[in-house]
Amino acid sequence: MNDETQDLFTTFDEKLLLGKRYLPEIHNEIQQVYVADRRPWVIGYSGGKDSTVSLQLIWNALRELPNNRLVKPVHIISSDTLVESPAIMSHVNSSLKSLQEKAIKIGLPFHTQKVKREITHSFWVNLIGRGYPIPYHRNRWCTDRLKVRPINKFISEKIQQYGEVIIVLGLRKAESSARSQSIKSYTIRKSPLKRHSFFSGAFVYTPVADFTTEDVWKYLAMVPSPWGNQSTNKKLFDLYNDANAEDRPFLMDNETPTIGGRRFGCWVCTVVDRDTSMESLIAKGGEWMKPLLELRNKLAKLKDPAEKAKYRDHRRRNGKVYFKDGGQEIALGQTTLEKGLPQKLLRLLLETQIEIHKTMPDFELISDEELHEIRRLWRVEQNDWEDQLPIIYNEVTGRHLNWLQDDAGAFTSFEKEILEDVCSKKNFPSTLVAELLELERQFQGMSKRTNIHNRINKIFEKEWRSVEEIISSIKQDNK
């Protein structure tokens, strides 16, 4: 931090002009909104500059109220995808811990919580287990599953519990014209609240909507962190400075754009071509993160059209085939064990974890629980009769996990060879028979086979022809 920046970190000034208002006016509005009703607050905290300013404003404003008026809870939630930038997550974790301890000590009704995705929707389970394609700007499936769904689930639960809630977000009109328009669209006349675009029982409060980026840094420079110390906000500035980054927004929708390559986000993010934030962090002392960046760059290369054709199946996960460009070209679907990419990605991930553990033994890239779920999906959805995951895990790590037996299919690689031999002689797709056999195994021993006929029909409705057979059929139809 240079001398000019150091001078910004001065004492608290009540004459501080932020946006169009002085600080006491902002505090007064926050207090009025809080005491106006009994609707609990949910504050989205990402650890970035905007959400930090919003949270500090609310903390300082409510701290001025008498204890008998602090009657409703303020839930502070942070999304934990488990693939976030290590630097920002370390900052978020330490901040939430200090914040909760201080709130309890002084009697503020703040409750911190990290919301996580269900294990079946983790990044690696979807990418390696289900064969989802590498995320890119037109298919950011990761945003919905890792961030939006867990946050919306938490909000839905609070709406069911209380009837209505107020969601506090660090959104600013100056971020973009689209964000400014979105904020204006749901404004309630003569009220600082806005209607939520998705939840009918939720209202949105944006205390920093009129702040510029300069206002945000000015506030953080002049007002010390109320749950930390004078150096806490300086550390946040240093983090941005070291990473050359813009803010990481607290996501509640799938439309929030990625900000170039200068954003704090997931270290695995392939939506941008280069992750210059992590490159900068590594160059300024974060050498231990280099294997993460190398893995991320290998993932990003899989967005190349030539690579997609090598690894992705012509069918979607539902077994259907879809077309693009006026029906002349098949739109690629999931990656499959048959084409080898899931196995390759698993090896890369495990090798990277081993490398990271040399310097950061507690940093976990993939959990045992995720490995078990990936294995289950391979066995059940992709008919992995060879049970490849335990083999790969042992070859890379030299260890064995306590693999569950009840999630393993009843068939083996030997039986797969027999099935493929018989089906080839009859010119019949072995994968179709394998799915029918797996369905029978799942229902084995049940006294009632509810819905089995529908399940059988769905298997037969899938596309079992090869790409060549499909194209040949289309050409014949056109004739």
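1. The structure holds 31 salt bridges (a side-chain nitrogen of Lys or Arg within 4 Å of a carboxyl oxygen of Asp or Glu). This is a predicted model: local features need pLDDT of at least 70, side-chain atom pairs count only at pLDDT 80 or more, and totals for chains, interfaces and linings use all residues. Residues are numbered from 1 along each chain as its sequence is written, and side-chain values use heavy atoms, without hydrogens and water.

2. Look at R39. Its side chain meets that of D37 in a salt bridge, 2.8 Å from N to O. D37 is partly exposed at 22%.

3. R39 also forms a salt bridge with E164, with the closest N and O atoms 3.4 Å apart. This pair links distant parts of the chain, 125 residues apart: R39 sits in the loop between α2 and β3, E164 in the loop between α6 and β6. E164 is partly exposed, at 32%.

4. D80 pairs with K114 in a salt bridge; the closest N and O atoms are 3.3 Å apart. D80 lies in strand β4 and K114 in strand β5, so the bridge ties together parts 34 residues apart in sequence. D80 is buried at 6%, while K114 is partly exposed at 29%.

5. Salt bridges that share partners join D37, R39, K72 and E164 into one network.

Methods: Buried < 20%, exposed > 50% of the residue type's maximum accessible area, 1.4 Å probe, protein only. Helix = DSSP H or I, 4+ residues; strand = E, 2+ residues; numbered from the N terminus.
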